Amino acid sequence: MVLRRRAQTRPHRRRDRHGRGLRGPLLPASLPAARTRAERFDDLVLDAVELLERRWAEQLAGVEFAVEDVPPSDPAPWEDDVVPLGRLFPAQGQRPARVVLYRRPLETRADGDELDDLVADVVVEQVAHLLDLPPEDVDPRYAD
(Lines give C-alpha, C1' and ligand atoms only; values in the text may rest on other atoms or scores of the structure.)
Protein backbone atom coordinates (compact mmCIF):
# COMPACT_ATOMS: atom_id res chain seq x y z
CA MET A 1 0.00 0.00 0.00
CA VAL A 2 1.40 3.37 -0.98
CA LEU A 3 0.35 6.53 0.81
CA ARG A 4 0.28 9.62 -1.29
CA ARG A 5 -0.03 13.14 -0.16
CA ARG A 6 -2.53 15.38 -1.74
CA ALA A 7 -1.05 18.08 -3.86
CA GLN A 8 -0.60 21.25 -1.87
CA THR A 9 -3.06 23.74 -3.18
CA ARG A 10 -4.09 26.90 -1.46
CA PRO A 11 -4.78 26.61 2.27
CA HIS A 12 -8.26 25.52 3.31
CA ARG A 13 -10.23 28.41 4.73
CA ARG A 14 -12.79 27.89 7.43
CA ARG A 15 -16.10 29.52 6.77
CA ASP A 16 -19.36 29.62 8.59
CA ARG A 17 -22.09 27.27 7.43
CA HIS A 18 -23.56 29.84 5.06
CA GLY A 19 -20.27 30.35 3.23
CA ARG A 20 -19.99 34.04 3.98
CA GLY A 21 -16.70 33.89 5.85
CA LEU A 22 -15.81 35.14 9.27
CA ARG A 23 -17.74 37.98 10.77
CA GLY A 24 -16.15 41.24 11.77
CA PRO A 25 -15.93 42.72 15.26
CA LEU A 26 -19.22 43.47 16.97
CA LEU A 27 -18.03 46.77 18.43
CA PRO A 28 -15.49 49.33 17.28
CA ALA A 29 -12.19 49.11 19.15
CA SER A 30 -12.69 52.63 20.52
CA LEU A 31 -15.61 51.58 22.77
CA PRO A 32 -14.89 50.32 26.31
CA ALA A 33 -17.01 47.20 25.81
CA ALA A 34 -14.65 46.05 23.06
CA ARG A 35 -11.96 45.27 25.66
CA THR A 36 -11.57 41.66 26.75
CA ARG A 37 -11.78 40.46 30.35
CA ALA A 38 -8.03 39.93 30.35
CA GLU A 39 -7.41 43.51 29.19
CA ARG A 40 -9.76 44.90 31.84
CA PHE A 41 -7.97 42.76 34.47
CA ASP A 42 -4.60 44.13 33.32
CA ASP A 43 -5.97 47.64 33.81
CA LEU A 44 -7.01 46.79 37.39
CA VAL A 45 -3.49 45.54 38.15
CA LEU A 46 -1.90 48.64 36.60
CA ASP A 47 -4.16 50.90 38.66
CA ALA A 48 -3.24 49.09 41.89
CA VAL A 49 0.48 49.21 41.07
CA GLU A 50 0.36 52.90 40.17
CA LEU A 51 -1.16 53.75 43.55
CA LEU A 52 1.66 51.93 45.33
CA GLU A 53 4.38 53.35 43.11
CA ARG A 54 3.41 56.87 44.13
CA ARG A 55 4.37 56.10 47.72
CA TRP A 56 7.06 53.43 47.23
CA ALA A 57 8.65 54.51 43.92
CA GLU A 58 12.23 54.06 45.10
CA GLN A 59 11.68 50.59 46.60
CA LEU A 60 9.65 49.35 43.61
CA ALA A 61 11.94 50.78 40.93
CA GLY A 62 13.24 47.43 39.66
CA VAL A 63 10.22 45.25 40.45
CA GLU A 64 8.32 43.66 37.57
CA PHE A 65 4.57 43.08 37.79
CA ALA A 66 2.99 40.40 35.64
CA VAL A 67 -0.33 38.67 35.09
CA GLU A 68 -0.78 35.00 34.23
CA ASP A 69 -4.05 33.19 33.66
CA VAL A 70 -3.49 30.37 36.15
CA PRO A 71 -0.77 29.36 38.60
CA PRO A 72 1.68 26.65 37.57
CA SER A 73 0.76 23.09 38.40
CA ASP A 74 3.72 22.67 40.77
CA PRO A 75 2.80 24.63 43.91
CA ALA A 76 5.34 26.01 46.32
CA PRO A 77 5.86 23.94 49.50
CA TRP A 78 3.93 26.43 51.65
CA GLU A 79 0.91 26.43 49.29
CA ASP A 80 -0.70 23.33 50.69
CA ASP A 81 -4.09 22.70 49.04
CA VAL A 82 -4.56 26.41 48.36
CA VAL A 83 -4.85 28.01 44.96
CA PRO A 84 -2.57 31.07 45.05
CA LEU A 85 -3.95 34.41 43.92
CA GLY A 86 -0.51 35.91 43.49
CA ARG A 87 3.11 35.06 44.04
CA LEU A 88 6.35 36.92 44.70
CA PHE A 89 9.51 35.75 43.01
CA PRO A 90 12.48 37.40 44.78
CA ALA A 91 15.35 38.89 42.82
CA GLN A 92 18.04 36.37 41.84
CA GLY A 93 21.29 37.48 40.27
CA GLN A 94 20.46 39.65 37.27
CA ARG A 95 16.74 38.88 37.43
CA PRO A 96 14.69 41.53 39.24
CA ALA A 97 11.99 40.72 41.76
CA ARG A 98 8.68 39.84 40.14
CA VAL A 99 5.12 39.95 41.44
CA VAL A 100 2.72 37.72 39.51
CA LEU A 101 -1.06 37.82 39.85
CA TYR A 102 -3.19 34.93 38.63
CA ARG A 103 -6.24 36.22 36.77
CA ARG A 104 -8.58 33.23 36.75
CA PRO A 105 -8.37 32.42 40.50
CA LEU A 106 -8.87 36.11 41.32
CA GLU A 107 -11.89 36.40 39.03
CA THR A 108 -13.35 33.23 40.51
CA ARG A 109 -12.85 34.41 44.08
CA ALA A 110 -14.30 37.91 43.57
CA ASP A 111 -18.03 38.57 43.63
CA GLY A 112 -19.29 41.16 41.18
CA ASP A 113 -17.62 44.54 41.65
CA GLU A 114 -15.21 43.28 44.33
CA LEU A 115 -12.55 42.30 41.79
CA ASP A 116 -10.78 45.66 41.86
CA ASP A 117 -10.56 45.57 45.67
CA LEU A 118 -9.31 41.98 45.67
CA VAL A 119 -6.66 42.75 43.03
CA ALA A 120 -5.50 45.78 45.04
CA ASP A 121 -5.30 43.68 48.22
CA VAL A 122 -3.25 40.95 46.55
CA VAL A 123 -0.86 43.51 45.06
CA VAL A 124 -0.46 45.16 48.48
CA GLU A 125 0.15 41.78 50.17
CA GLN A 126 2.83 40.80 47.67
CA VAL A 127 4.56 44.18 47.86
CA ALA A 128 4.41 44.03 51.66
CA HIS A 129 6.08 40.63 51.54
CA LEU A 130 8.74 42.04 49.21
CA LEU A 131 9.42 45.05 51.46
CA ASP A 132 9.14 42.96 54.65
CA LEU A 133 6.46 45.26 56.05
CA PRO A 134 2.89 44.68 57.25
CA PRO A 135 0.31 45.31 54.49
CA GLU A 136 -1.26 48.14 56.53
CA ASP A 137 2.06 50.03 56.39
CA VAL A 138 2.35 49.57 52.63
CA ASP A 139 -1.18 50.87 51.99
CA PRO A 140 -3.31 52.31 54.82
CA ARG A 141 -6.50 51.43 52.89
CA TYR A 142 -5.66 47.70 53.11
CA ALA A 143 -7.47 47.26 56.44
CA ASP A 144 -10.74 48.69 55.02
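**Note on the predicted model**

1. Asp132 is exposed, at a relative accessible area of 70%; the cut-off for that term is over 50%. The residue sits in the loop that joins H3 to helix H4 (135-138). Its phi is positive, about 60°, although Asp132 is not a glycine.

2. The model is predicted. Its average pLDDT is 82, and 74% of the residues score at least 70. Residues 1-6 have a pLDDT below 50, and this stretch makes zero contacts in the model beyond near neighbours in sequence.

3. The largest nonpolar core contains 24 residues. Leu52, Leu101, Leu106, Val119, Val123 and Val138 have the most contacts inside it. At least two core residues come from each of helix H1 (37-55), strand E3 (98-102) and helix H3 (115-131). H3 gives the largest share, eight residues. In soluble globular proteins, nonpolar side chains tend to be buried together.

4. How do H1 and H3 pack? Their axes come within 9 Å and cross at roughly 50°. The crossing of H1 past H3 is right-handed.

5. On the H1 side of this contact are Phe41, Leu44, Val45, Ala48, Val49 and Leu52. They meet Leu115, Asp116, Val119, Ala120, Val123, Val124 and Val127 in H3.

6. Leaving out residues up to four places away in sequence, Leu52 touches Ala57, Leu60, Val123, Val124, Val127, Val138 and Asp139.

How values were computed: Residues numbered from 1 in each chain as written. Predicted model: local features only at pLDDT ≥ 70, side-chain atom pairs only at ≥ 80, totals over all residues. Heavy atoms only, no water. Core = buried A, V, L, I, M, F, W, Y, C linked by side-chain atoms within 4.5 Å. Buried < 20%, exposed > 50% of the residue type's maximum accessible area, 1.4 Å probe, protein only. Helix = DSSP H or I, 4+ residues; strand = E, 2+ residues; numbered from the N terminus. Contact = heavy atoms within 4.5 Å. pLDDT = per-residue confidence, 0-100. Axes fitted to C-alpha atoms, helices over the stretch in contact; angles between N-to-C directions. Left-handed = near helix turned anticlockwise from the far one by under 90°.
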